[in-house]
Amino acid sequence: MLLRPSLEVNEVVGGVLAKAVQHSAGGVRLHAFTFASNHFHLLVWARGASLASFMQYLRANLSKKVGRWVDWSGGFWERRYSAEPVLDDTALVGRLRYVLAHGVKEGWVEKCAQWPGLTCLPQLLGAARRLLHWFNWTKRWSKRGSGSRAEGEGRFAEQWAEPVELEVAPLPCWVGKSEEERQGAVRELLKEVEAEARARGKPALGAQAVQAQHPHTRPERLKRSPRPLGHASTRQALRELREQYRAFVAVFREAAARWRRGDFLAHFPRFAFPPRVVPG
């Protein structure tokens with residue numbers, strides 16, 4: 001539970017997320033996010049191959065900074081991240097609902113706003129921009145040779161904290177709505193999620209139970225659901241996506257085979273990476 005929510009962890013995570021978006025230089029727009037105790041969900045728009053570098057920066061810095069805070073060494077993530085395309089507006093709103101529902105659907109809290117981890121909900125219902133802090137360890141290391149050892153020189157000391165802005169962009173299908181209309185739509189999603197939770201009739205464990213967990217705790221059972229190819233409101237859209245993916249794989253395999261034979265003029269599909277060729 002290395003991401004177990006706390007005020008300190010939320011601040012570190014938020015700073016890393018904001019810095020990762022900033023580092024993408026406009027290649028990534030953030031629409032929604034929620035951080036659980038051992039994973040996170042993001043709803044983003046990404047240009048081209050920007051998503052890969054964004055996720056590498058985000059996960060690497062979460063490992064370094066949160067890992068240091070919770071006294072963890074070694075591997076931080078069990079497997080690679082999963083990214084699925086969202087194919088239509090109905091599915092897009094459904095993905096937002098899924099992100100907001102975390103904590104409630106898992107039986108931890110009764111209301112979405114009670115989840116103690118970092119979440120986009122306050123920004124969806126209020127100001128879209130939020131100021132967080134990025135702990136600049138490069139600056140800290142540059143001061144080590146200055147001969148001065150100021151009080152509070154630890155990695156998370158205030159003197160290394162730099163303000164960084166995190167903005168949540170409206171869903172593309174909601175851009176034409178007013179801010180009041182968007183907030184109303186979010187509240188309707190919350191009502192649906194919380195009504196479904198009440199209908200199950202099981203009491204929530206509560207935010208205190210979440211925060212009482214030790215970060216080094218390992219779940220007794222891991223839920224491993226299959227990763228979908230994409231998200232859509234119709235089966236036809238998913239069939240078309242599957243056919244497009246098969247075509248992509250076929251072109252890639254043919255180009256890779258030619259590449260390995262020494263034909264370096266082989267055409268790879270856009271955003272694909274040629275295989276490594278080891279000299280014989």
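Predicted model: local features only at pLDDT ≥ 70, side-chain atom pairs only at ≥ 80, totals over all residues.
1. Start with the overall ring count: a search of the whole structure turns up 11 aromatic pairs. One of them joins F40 and W77 edge-to-face, with 5.6 Å from centre to centre and 75° between the planes. F40 belongs to strand β2 (residues 40-46), while W77 sits in the loop between α2 (50-69) and α3 (89-101), so this pair ties together parts that are 37 residues apart in sequence.

2. W77, at 23%, counts as partly exposed.

3. Now have a look at Y57 and W134, which form a stacked pair: 6.3 Å centre to centre, with 25° between the planes. This one links distant parts of the chain, with Y57 in helix α2 and W134 in strand β3 (residues 129-135), 77 residues apart. Both Y57 and W134 are buried.

4. Back to F40 and W77 for a moment: ring pairs link them with F33, F35 and F76 into a cluster.

5. Two arginines are worth a glance as well. R95 lies over the face of Y98, 4.8 Å from the ring centre. R155 does likewise over W137, at 5.6 Å from the ring centre.

6. Finally, check R4, in the segment before α1 (7-23). Leaving aside residues up to four places away in sequence, R4 touches V9, S37, V210, Q211, Q213, H214 and P215. From R4 to R260 is 256 residues in sequence and 46 Å in space, C-alpha to C-alpha.

Definitions and conventions:
Residues numbered from 1 in each chain as written. Heavy atoms only, no water. Helix = DSSP H or I, 4+ residues; strand = E, 2+ residues; numbered from the N terminus. Contact = heavy atoms within 4.5 Å. Phe/Tyr/Trp six-rings, centres within 6.5 Å; stacked < 30°, edge-to-face > 60°. Buried < 20%, exposed > 50% of the residue type's maximum accessible area, 1.4 Å probe, protein only. Lys NZ or Arg CZ within 6 Å of the ring centre and 35° of its normal.
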